[in-house]
Amino acid sequence: MPDKVTLHTYFRSSCSARIRIALHLKGIPYDAVYVNLLKNEQSTPAHVAINPSGTVPALVIEQDTKKTTTITQSLAALEYLDEAFPEKGPALLPSDPETRATVRTLANIIACDVQPVTNLRILKRVAPLGADRAGWSRDLIVDGLRAYEAVVAGSAGRFSIGDQITIADLCLIPAAWGAERVGVDLGEFPVTSRIVGNLEEVQAVKLGHWRAQEDTPEEFRVKE
C-alpha cells in the first residue's frame, strides 16, 4: 500500500468520479483536496503546479520510499491503480488483449468523444457564441451513447464487459449522471441503461457519486 494517496477532485467532475469509484473498489483510503471549478480554483498557481493542465483530477501517491507519483489524466490514473495494486480489489482490465481492447474502446468513446467537448471549460467557450449549453451537451452525449450502445451490445453481461467492473464502467457511470442532468433519456439505449442500473447498486459507485461528496452543496446532497 502507498504511504498516502491524495485526490484533487471536484464533486461534479466526471473524470474525478472515475478515480473516486476506483479507489473505493480497490479499498485504497485517500485524502481529498477539493478544487471548486466554479470559483476557478483549478487555475490558481498552487493547483497548476500540481496539474499543469489546470483541471481535475490529480492523483498524488506518496510511497514510503519518499517517492511521489502525480497522475493528472484519469485514464492513466485508473490503469496505474490497476497495475500498481493488483492485489487490491477487482482487476479493472481483463487479461487477454482482445477484451482489453474492447474495454479501452468503450472507455475512450466516453473519455475522448464525449467528455472533452461537454466539460465546463468548453461550455464556457460555446455560450458566448450563442450555443445552448444544455442542448450542445445533450446532442454530443447522445452521439457518444449511441456508439457505446452499438459496441457494448456485443460484450455486456451485468456490466460493460461480462460481469466484472472494468475501466469502461468507471467512465460510463459518471457520463450517465451527466447525461441525466441535461435531459438525455437513457432508455433510448437499453443495454447501456441496464448496465448503469446495475452499476448504481455497487457500493463503491454510491460512495463515488457526485451527490455524496463532502464538497457537494447541501441542496444536491444525498439525503439519509
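Where is the place of proline 57? In this predicted model, proline 57 sits in the loop between helix 2 (45-50) and strand 3. The peptide bond that leads from valine 56 to proline 57 is cis, with omega near 5°. Most peptide bonds are trans, and most residues other than glycine have a negative phi. Asparagine 40 is a residue other than glycine with a positive phi, near 65°. The loop that holds asparagine 40 runs between strand 2 and helix 2. Asparagine 40 counts as partly exposed, because its relative accessibility is 38%.

Serine 13 touches Arg20 and Val56, when residues up to four places away in sequence are not counted. Serine 13 is found in the loop between strand 1 and helix 1. With a relative accessible area of 10%, serine 13 is buried, because buried means under 20%. Serine 13 and leucine 37 are 24 residues apart along the chain, and their C-alpha atoms are separated by 8.8 Å.

Two domain features are taken from UniProt. The record, an unreviewed entry, lists "domain: GST N-terminal" at residues 3-89. The span of residues 3-89 is 34% helix and 22% strand, and its end C-alpha atoms lie 18 Å apart. The feature "domain: GST C-terminal", again from an unreviewed entry, is placed by UniProt at residues 96-218. Over residues 96-218 the chain is 65% helix and 0% strand, with 44 Å between the end C-alpha atoms.

Helix 3 covers residues 74-84, and its buried residues are Ser74, Ala77, Leu78, Tyr80, Leu81 and Asp82. The elements that cover these buried residues include helix 1 (14-26), strand 3 (58-62), strand 4 (68-71) and helix 7 (167-181).

The salt bridges form the next topic. The count comes to four salt bridges. One of them joins aspartate 31 and lysine 4, whose closest N and O atoms are 4.0 Å apart. Aspartate 31 belongs to strand 2 (residues 31-34) and lysine 4 to strand 1 (residues 4-9), so the pair ties together parts that are 27 residues apart in sequence. Aspartate 31 is partly exposed, with a relative accessible area of 40%, and lysine 4 counts as partly exposed at 37% relative accessibility.

Another salt bridge is formed by the side chains of glutamate 79 and arginine 104, at 3.1 Å from N to O. This pair links distant parts of the chain, with glutamate 79 in helix 3 and arginine 104 in helix 4 (residues 97-118), 25 residues apart. Arginine 104 counts as partly exposed, at 32% relative accessibility.

A further salt bridge connects arginine 146 with aspartate 143, and here the closest N and O atoms are 3.2 Å apart. Both residues lie in helix 6 (residues 133-152); they are three residues apart and therefore separated by about one helical turn. An α-helix has 3.6 residues a turn, so residues three or four places apart point the same way. Arginine 146 is partly exposed, with a relative accessible area of 48%, and aspartate 143 is partly exposed as well, at 44%.

Helix 4 also contains arginine 100. Arginine 100 counts as partly exposed, at 23% relative accessibility. Leaving aside neighbours within four places in sequence, arginine 100 is in contact with Leu93, Pro94 and Ser95. Arginine 100 and glutamate 201 are 101 residues apart in sequence, and 24 Å separates them from C-alpha to C-alpha.

By residue type, the lining of the second largest pocket divides into five nonpolar, three polar and five charged residues.

Methods:
Residues are numbered from 1 along each chain as its sequence is written. This is a predicted model: local features need pLDDT of at least 70, side-chain atom pairs count only at pLDDT 80 or more; totals for chains, interfaces and linings use all residues. Side-chain values use heavy atoms; hydrogens and water are left out. Buried means under 20% relative accessible area, exposed over 50%, partly exposed in between (1.4 Å probe, protein chains only). Helices (H or I, at least four residues) and strands (E, at least two) are DSSP runs, numbered from the N terminus. Contact means heavy atoms within 4.5 Å. Ala, Val, Leu, Ile, Met, Phe, Trp, Tyr, Cys and Pro count as nonpolar, Asp, Glu, Lys and Arg as charged, and the others, Gly among them, as polar. UniProt positions are given in the numbering used here, feature names are shortened, and annotations may be inferred rather than shown by experiment.
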